[in-house]
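This report covers ring contacts, a surface patch and a sheet. The sequence and structure come first.

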Amino acid sequence: MLDCTAMNDLCLHFCDNTRADLPLDTGVLALGHSQAGLSPMAADGPWLLQLCNDRRGLWLHVAEGLRGVHVNGRPVLQLALLRAGDSIHVEGQELLLRASNDAAQPANDASRDAAGNLRLVLRGVGGPHHGRSLSLERPRRIGSAANADLRIEGHGISAEHALVEMAGSTPVLRNAAASVRLNGRPVQQAQLQPGDQLFFGVQHRFVVEGSNVLAADAACPQQSADLHADAPPTPPASRRWSARVPWLLVAAVLLAAALSGLLVFGAR
């Protein structure tokens with residue numbers, strides 16, 4: 001089974017720097033109002049958000065009736081699956097999921113299909129390039145230059161903002177400008193793997209996707225129904241007596257009896 005939600009070594013960063021980063025260990029982290037702003041609190045308190053880290057991944061739960069919560073610019077009403085690099089907006093405050101361990105991991109064989117063909121792409125998941133996919137079968141120059149493979153514009157975007165190319169079977173980010181972030185942290189050079197999120201400037205966000213991530217994305221929405229999969233299954237409701245009785249047969253018998261009565265008593 002593919003693991004689309006490996007959420008080890010994550011921490012929650014408060015972008016206004018009002019408090020230190022909070023490690024997201026296995027369990028539930030509840031956030032609610034305090035005098036210092038958004039702060040951790042007991043899970044049974046008046047929480048606004050809950051971050052649940054279990055073996056299935058990291059899940060964001062939004063308190064019932066709370067509106068205005070966004071993940072990467074998209075509204076969330078109840079539940080969302082999170083990963084490193086995601087940006088959470090709530091009550092006018094921005095929270096960022098960061099990888100505590102920045103050590104690069106080597107790409108695995110899942111970045112290629114069964115025939116050995118490269119399947120890695122950069123897919124836009126925010127900003128004006130949302131939904132656009134750019135294959136990584138050849139080096140991709142990213143920046144504001146007219147001949148860039150991925151042309152992006154905005155404040156702080158240089159003509160040659162970054163380069164993504166393959167080093168063997170491993171995608172590598174090179175020559176990145178100061179505003180480039182990998183999973184929420186600024187980088188200049190780094191190995192990439194499926195699931196990593198790259199930020200170019202303020203509004204351009206891309207995720208590295210491979211064959212394993214594509215399959216996982218299709219499976220992850222189904223997991224919202226499996227949050228309580230460890231609970232004992234609910235026994236099927238017993239069928240009522242009315243559902244077991246063949247009513248058509250009963251109606252036919254009653255109709256036949258009525259006709260027989262008419263024939264017998266009508267003949268008198």
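## Charges over rings

Over the ring of which residue does the charged end of Arg19 sit? The model is predicted, and in this model that ring belongs to Phe14, with the charged end of Arg19 5.7 Å from the ring centre.

A further arginine, Arg181, lies over the face of Phe199. Here the distance to the ring centre is 4.6 Å.

## Aromatic pair

The structure contains 1 aromatic pair.

## Nonpolar surface patch

Three leucines, Leu255, Leu259 and Leu262, make up a nonpolar patch on the surface. Together they have about 330 Å² of accessible area.

Leu262 belongs to helix α3, which spans residues 247-266. Leu262 has a relative accessibility of 61% and therefore counts as exposed, the cut-off being over 50%.

## Open sheet

An open sheet is built from 5 strands with mixed pairing, in the order β15-β14-β16-β17-β20. The edges are taken by β15 (150-151) and β20 (190-191). Each of these edge strands has a single partner strand, so one side of each is left without a neighbour in the sheet.

The partner of β20 can be followed at residue level. Strand β17 (residues 170-174) runs antiparallel to β20, and 2 bridges join them. Val172 has Gln191 of β20 as its bridge partner. In general, strands of a sheet pair through backbone hydrogen bonds.

Conventions:
Residues are numbered from 1 along each chain as its sequence is written. This is a predicted model: local features need pLDDT of at least 70, side-chain atom pairs count only at pLDDT 80 or more; totals for chains, interfaces and linings use all residues. Side-chain values use heavy atoms; hydrogens and water are left out. Rings of Phe, Tyr and Trp (its six-membered ring) pair if their centres lie within 6.5 Å; planes under 30 degrees apart count as stacked, over 60 as edge-to-face and the rest as tilted. A charge sits over a ring if NZ of Lys or CZ of Arg is within 6 Å of the ring centre and within 35 degrees of the ring normal. Patches are made of residues with over 30% relative accessible area and no salt bridge: like charges are joined within 9 Å, nonpolar side chains (Val, Leu, Ile, Met, Phe, Trp, Tyr) within 5 Å. Accessible areas come from the Shrake-Rupley method with a 1.4 Å probe; for residues, only the protein chains shown count as cover. A salt bridge is a side-chain nitrogen of Lys or Arg within 4 Å of a carboxyl oxygen of Asp or Glu. Helices (H or I, at least four residues) and strands (E, at least two) are DSSP runs, numbered from the N terminus. Buried means under 20% relative accessible area, exposed over 50%, partly exposed in between (1.4 Å probe, protein chains only). Two strands pair if DSSP finds at least two bridges between them.
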